[in-house]
Amino acid sequence: MLDNYPYTALVAVLALFVYTWVTMRVGAARGKYNVQAPATDGPPEFQRVFRAHMNTLEQMITFVPALAIFAMAWGDLPTAIVGVFWPIGRILYAVGYYKAPEKRGPGFGISFLATAILLIGGLVGIVMKLGGF
């Protein structure tokens with residue numbers, strides 16, 4: 001993959017770093033708000049950190065395969081250009097959500113749009129390949 005898709009791989013690594021960061025924030029929030037594992041309920045401040053983490057995990061399930069399929073269909077650089085908006089959006093989402101739930105929208109929208117473009121673009125690429133284009 002690194003030979004043919006180095007920029008796409010870089011975006012995937014960035015996404016994993018973002019996920020690691022939100023994961024570590026949950027651990028820190030557990031200590032700060034005294035929420036012992038396996039509990040997932042606590043004060044609203046903890047719940048926002050926990051939900052930002054879980055929503056990022058939920059979104060990765062679609063993002064990672066969509067990133068790979070789009071790369072196979074359209075190439076490395078176009079994939080990276082679209083895909084890099086996912087980790088950026090997830091950072092904005094998490095930081096906004098940590099402050100207040102109503103501030104999570106822009107980051108969610110950016111990351112969701114990146115995933116949607118990758119997913120739809122990947123499907124278009126598959127259809128074109130199957131159609132002989």
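In the predicted model, E58 forms a salt bridge with R51, and the closest N and O atoms of the two residues lie 3.3 Å apart. Side chains of opposite charge can pair when their charged atoms come close. The structure holds 1 salt bridge.

The protein chain contains 5 helices and 0 strands, and its elements follow the order α-α-α-α-α from the N terminus on. Along the principal axes, the C-alpha trace of the chain spans about 60 × 30 × 20 Å. Of the 133 residues in the protein chain, 37% are buried. Among contacts with a separation of 6 or more, 68% involve residues 24 or more positions apart.

The packing of helix 4 and helix 5 was examined in detail. Helix 4 comprises residues 85-99 and helix 5 comprises residues 105-130; their axes are 7 Å apart and form an angle of about 160°. Angles over 145 degrees count as roughly antiparallel, and helix 4 and helix 5 are therefore roughly antiparallel to each other. The crossing of these two helices is left-handed. On the side of helix 4, the contact involves F85, W86, G89, R90, L92 and Y93, which meet G107, F108, I110, S111, A114 and T115 of helix 5. Classified by residue type, this contact between helix 4 and helix 5 has 7 nonpolar, 4 polar and 1 charged residues.

Conventions:
Residues are numbered from 1 along each chain as its sequence is written. This is a predicted model: local features need pLDDT of at least 70, side-chain atom pairs count only at pLDDT 80 or more; totals for chains, interfaces and linings use all residues. Side-chain values use heavy atoms; hydrogens and water are left out. Axes are lines fitted to C-alpha atoms, for helices over the stretch in contact, and angles run from 0 to 180 degrees between N-to-C directions. Helices (H or I, at least four residues) and strands (E, at least two) are DSSP runs, numbered from the N terminus. Angles under 35 degrees count as roughly parallel, over 145 as roughly antiparallel, 65 to 115 as roughly perpendicular and the rest as oblique. A crossing is left-handed if the near helix is turned anticlockwise from the far one by less than a right angle, and right-handed if clockwise. Contact means heavy atoms within 4.5 Å. Ala, Val, Leu, Ile, Met, Phe, Trp, Tyr, Cys and Pro count as nonpolar, Asp, Glu, Lys and Arg as charged, and the others, Gly among them, as polar. A salt bridge is a side-chain nitrogen of Lys or Arg within 4 Å of a carboxyl oxygen of Asp or Glu. Buried means under 20% relative accessible area, exposed over 50%, partly exposed in between (1.4 Å probe, protein chains only).
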